[in-house]
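I opened this notebook to record what I looked up in the structure. The entries follow the order of my reading.

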Amino acid sequence: MPRPILATVHPEALRHNLDRARYFAPDARVWAVVKANAYGHGIERCFDALRGADGFALLDLAEAERLRALDWRGPIHLLEGVFEPRDLELCSRLHLWHTVHCNEQIDWLAAHKTLVPHRVFLKLNSGMNRLGFKPAAFRSAWARLNALPQVDEISLMTHFSDADGARGIAHQVAAFEEATADLPGERTVCNSAAMLRYAKQALHGAQSLAADWVREGIALYGSAPDFPEKRASDWDLQPAMTLSSRLIGVQSLQAGDTVGYGSTFTADGPMRIGVVACGYADGYPRHAPTGTPVLVDGVRTRVVGRVSMDMLTVDLTALDAAGIGSEVVLWGRAASGAVLPIDEVASSAGTISYELMCAVAPRVPFR
């Protein structure tokens, strides 16, 4: 039989999480963000569950081609825009909407020959300081785009740096309001964190923030962007992925016995440990320490010792019935219905859920 590790994508959870965006932003249209192969879940595996979205947002032209091959006829938004002039030819052929965040992209549009003008999203750098025009240069960029016959409609966007934290979005909202005052066009300002925490304020506050689109990314896949302040269940989000495996071995330890490479765990008394068919070559974080939560037969226990390439070990001391073949859930939903939030596993390993989702290795089969 094949090695028992398995990643399961839950379409019903994706649909539910998409509906939560409708709840938090009832007057806005929703981009389902499927960049990075739908955050590691697989675009093709997620498509049917997400086709109720108003559009798809991503980065990669090849991923846009995959969506069109699935017969998606609606909007597709390239969040970082094009990377070189010839990308605009594919934008024309696939009818892609794309972000404009620098003068070079405007230059490329000005030289582009097309029969169908492009829909673009002009990005303001309102304080994130990654991509986008600074406020002082924003209106001149808008004027350049507006003068181009290659451009049809100009929408306006920004991205919040601290929507999931204490600083919040007020400073960037103020910058966006000032830079876009009286400019026409649809707006998109809210990512997952802003949608959950501020959408009603951002969508129903000042007229310039009557945003037309929200961008649901990590929340779509059942993770809380503001963990640990809020858990996914606090936002009524469901896990869209379960990474599961089984026990393939059991060992009995005595006080003083050590476990795994580097002997980083030492038993302080008699205990049982289980060996799980999952390791860092499967995408599980090697740096997950002793104490990282895991479910065995639906019961919460802990990782012990160092994660190996193909295996990790878990504490079975309180699970007398567990043995070879027992279900192990590394994150997601157990057969019993118990849930281990991916945010908890990521936090224990010193990272974030995004990385764990995207890191599931190609050798792991998906269902």
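**Entry 1: pockets.** I began with the term itself: on a 1 Å grid over the protein atoms alone, a pocket is an open set of points with protein on both sides within 12 Å along at least five of seven lines, a cavity is a set of points where a 1.4 Å probe fits but cannot get out, and lining residues have an atom within 4 Å of a point. Grid points are joined across faces, edges and corners, and a volume is the space filled by probe spheres set on the points. I noted that this is a predicted model, in which local features need pLDDT of at least 70 and side-chain atom pairs count only at pLDDT 80 or more, while totals for chains, interfaces and linings use all residues. Residues are numbered from 1 along each chain as its sequence is written, and side-chain values use heavy atoms, with hydrogens and water left out.

**Entry 2: the largest pocket.** I found a volume of about 750 Å³ for the largest pocket. It is lined by 35 residues, of which Lys35, Tyr39, His159, Asn191 and Tyr354 are the closest to its centre. The largest share, three residues, comes from α10. I sorted the lining of the largest pocket by class and recorded 17 nonpolar, nine polar and nine charged residues. Here Ala, Val, Leu, Ile, Met, Phe, Trp, Tyr, Cys and Pro count as nonpolar, Asp, Glu, Lys and Arg as charged, and the others, Gly among them, as polar.

**Entry 3: the second largest pocket.** The volume of the second largest pocket is about 190 Å³. Among the residues that line it I listed Pro4, Leu6, His10, Arg246, Glu327 and Arg367. β10 (241-253) is one of the elements that supply at least two lining residues, and β10 gives the most, with four. The lining of the second largest pocket divides into two nonpolar, five polar and four charged residues.

**Entry 4: the cavity.** How many cavities of 30 Å³ or more does the structure hold? I recorded one. About 50 Å³ of space lies in the largest cavity, and its lining includes His41, Tyr221, Trp331, Ile342 and Met357.

**Entry 5: a helix pair.** Helix α1 (residues 11-24) packs against helix α3 (residues 43-50) at an angle of about 55°, with the axes 8 Å apart. Axes are lines fitted to C-alpha atoms, for helices over the stretch in contact, and angles run from 0 to 180 degrees between N-to-C directions. I looked up the contact (heavy atoms within 4.5 Å): Pro11, Leu14, Arg15 and Leu18 in α1 meet Cys46, Ala49 and Leu50 in α3. By class, the residues of this contact are six nonpolar, no polar and one charged.

**Entry 6: backbone details.** I noted a cis peptide bond from phenylalanine 227 to proline 228, with omega near 10°. Proline 228 lies in the loop between β9 and β10. Alanine 38 is not a glycine, yet has a positive phi of about 55°; I located alanine 38 in helix α2.
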